[in-house]
Amino acid sequence: MRRFLPFIQWMPTYDRKWLSKDVIAGLTVGIILIPQGMAYAMIAGLPPVYGLYASLVPVVVYALLGTSRQMAVGPVAMDSLLVAAALAPFVTSGGENYVVMALLLAFMVGAIQIVLGVLRMGFLVNFLSKPVISGFTSAAALIIIFSQLKHLLGTSVERSGLFHEMLYNAMVKIPETNLLDFTIGLIGIIAIVIFKRWRPRFPGVLVVVVVAILMVYALGLQSYGVKIVGLIPTGLPHFQLPQFDAPSVIKLAPIALTLALIGYLEAISIGKSLEEKNGEETVDANQELIAIGSSNLLGSLFQSYPVTGSFSRSAINGSVGAKTSLSLLFSSLMIVITLLFLTPLFYYLPNAVLASIIMVSVVGLVDLEYPKSLWAYRKDELAILILTFLATLFIGITQGILLGVLLSLLLMVYKSSKPHFAVLGKIEGSDYYKNIDRFGEDIDVRNDLLVVRFDSQLYFGNKNYFKKLLYKYIAAKGEGLKGIILNAEAINYIDSSAAQMLIRIIEDLHDKNLQFYIAGAIGPTRDIIFSSGLIDVLSKKHLFVQTKEAVAYFDDTTVPSALSEKVAYQNLRRR
């Protein structure tokens, strides 16, 4: 039970002194979540109330099943954008069918995450490398910001998921700008930024929302064309099964998988960072998949669209002093109170203020420091970041991240196909064998022996590269060469293709009267050497734990006379 319901672990030892901190943190996050949730629902193309629905049941579910004690769950900008991108080609934004598809998408995302968690497949998120995520999030942040220009300008702008089209559509509407909407949005942006820098823990967003509502109501600005949220339904979300049909499920499957992985990546990243900051080790990767998946699946039954962990609200939750996930229950309590009693108060909330909240929230996702660091030492990964960024902006959101993943995998395959290959020599006065290119001046180089090291697994993708370089260095030694030692310390796996290649190399070298030895093979590699038939052509006598042992055996069996003369000379010098 403790494994599947993590709150059972901390509940028996709950300190009463923590209650006040959890209450304050939960209410603070709840206050911020109200306008943020409504704003993020607008990004997803949903009515604002669905942002409140997504802040209720999923939050309670995660409080019971999640393993991070400070992470705040709910609607976030990135997932909201992906929802909009997924549904835009199929249905009209804000329509009834659009809402139905959004709830179905949340159910599918939750189901995928739960299955991945049960099968302990959280490792799949590792295929989303940091350059891909950085390029994707930076581009997505720009798309989110520019998607809100229609609310800032106070005019209708044709929807598009492509940055250049979005920018063009907004530019042509500039002459139709409602100056009141623009002024309200601009003041909102400035005020929120000031609050964030002056008092980060203060709910400045809520202050801006309240002041804007009062101004619109008192001055009747809606009669001057200011766009407002309007009527928000009162009451809690009701239970409703998603409407399943095969064509919709097939259409949504790719984006559902993308959302499932990105949502999990966001959640596990937040959980791990909070864990390191607090010096606790409570986060279980696979249980997090189940927790986030359950939040999405059960939330979809109560009119929630996809959710995950929030960077900004989690940071606030931790900084205010939350000790356990009990704080999330107080956040959900704020949402319940709002849905039951306070929704009429948001009738006069200007859309421009919600747009200002979104713009300020996501601008921090544009990462400039990481590309600078890649420029200094990893230009190949910088290229992947830039291509992902450009593809997300100008080709499509889903296509951008898929292209980034494909490019990062291709880079990984390319690097593994041409790994580091070193010729080793003995450092004078020691038993260590090091790369002669790095320690050339201090290394004793022998013409009768070639020692090489291959710094990768040996598999079908790099076996020809290994063979080519090995024969290149054998040819460079000339006729004086009598033996080759493969230092296998870095080889953690040999597949069947590479094993057959090694067998043919050893047989060929034996035909040329050259001895072949393997040294330093770790346990799993030694098992493969014995199970693949390699040992039959190598022989057990030519398998060593250390390179120096292989060299000593070579000297004893291949050049005994030379070794005897060397020992005699050393003894003569001692006398």
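Is glutamine 303 buried or exposed? Glutamine 303 is buried, with a relative accessible area of 7%; here buried means under 20% relative accessible area, exposed means over 50%, and partly exposed lies in between (1.4 Å probe, protein chains only). The structure shown is a predicted model, in which local features need pLDDT of at least 70 and side-chain atom pairs count only at pLDDT 80 or more, while totals for chains, interfaces and linings use all residues. Residues are numbered from 1 along each chain as its sequence is written, and side-chain values use heavy atoms, with hydrogens and water left out.

## Backbone and helices

Glutamine 303 sits in the loop between α13 (285-300) and β2 (308-309). Helices (H or I, at least four residues) and strands (E, at least two) are DSSP runs, numbered from the N terminus. Most residues other than glycine have a negative phi. The phi of glutamine 303, however, is positive, near 65°. Serine 539 also has a positive phi, near 80°, and belongs to the loop between α23 (534-538) and β9 (543-544). With a relative accessible area of 29%, serine 539 is partly exposed.

Helix α5 (residues 77-87) is largely enclosed by the rest of the structure, because 10 of its 11 residues are buried. Among them are Met78, Asp79, Ser80 and Leu87. In helix α2 (residues 17-43) we find aspartate 22, which is buried with a relative accessible area of 0%. From aspartate 22 to glycine 37 there are 15 residues in sequence and 21 Å in space, C-alpha to C-alpha.

## Pocket and cavities

On a 1 Å grid over the protein atoms alone, a cavity is a set of points where a 1.4 Å probe fits but cannot get out, whereas a pocket is an open set with protein on both sides within 12 Å along at least five of seven lines; lining residues have an atom within 4 Å of a point. Grid points are joined across faces, edges and corners, and a volume is the space filled by probe spheres set on the points.

The largest pocket holds about 1,100 Å³ of space. Its lining has 40 residues, with Phe311, Ser312, Ser361, Gly364 and Leu365 nearest the centre. Helices that each supply at least two lining residues include α2, α5, α10 and α12 (246-278), and α7 gives the most, with five residues. By class, this lining has 23 nonpolar, 11 polar and six charged residues. In this scheme Ala, Val, Leu, Ile, Met, Phe, Trp, Tyr, Cys and Pro count as nonpolar, Asp, Glu, Lys and Arg as charged, and the others, Gly among them, as polar.

There are two cavities of 30 Å³ or more. The largest cavity has a volume of about 40 Å³ and is lined by 10 residues, of which Arg69, Gln70, Glu275, Glu280 and Thr282 lie nearest its centre. Its lining comprises two nonpolar, five polar and three charged residues. The second largest cavity, at about 30 Å³, has a lining of seven nonpolar, one polar and no charged residues; Leu458, Ala488, Ile518 and Thr525 are among them.

## Surface and salt bridges

Phe182, Leu186, Ile190, Ile194 and Trp198 make a nonpolar surface patch of about 500 Å². Patches are made of residues with over 30% relative accessible area and no salt bridge, joining like charges within 9 Å and nonpolar side chains (Val, Leu, Ile, Met, Phe, Trp, Tyr) within 5 Å; accessible areas come from the Shrake-Rupley method with a 1.4 Å probe, and for residues only the protein chains shown count as cover. Isoleucine 190 lies in helix α10 (residues 179-198) and is partly exposed, at 46% relative accessible area.

The whole structure has 10 salt bridges, each a side-chain nitrogen of Lys or Arg within 4 Å of a carboxyl oxygen of Asp or Glu. Three of them are listed here.

| Salt bridge | N to O distance |
|---|---|
| Lysine 415 and aspartate 380 | 2.8 Å |
| Aspartate 555 and arginine 446 | 2.7 Å |
| Arginine 453 and aspartate 455 | 2.7 Å |

Salt bridges that share partners join Arg378, Asp380, Glu381 and Lys415 into one network. Lysine 415 is partly exposed at 34% relative accessibility, and aspartate 380 is partly exposed at 28%. In the pair of aspartate 555 and arginine 446, distant parts of the chain are linked, 109 residues apart. Aspartate 555 is buried at 13%, whereas arginine 446 is partly exposed at 24%.
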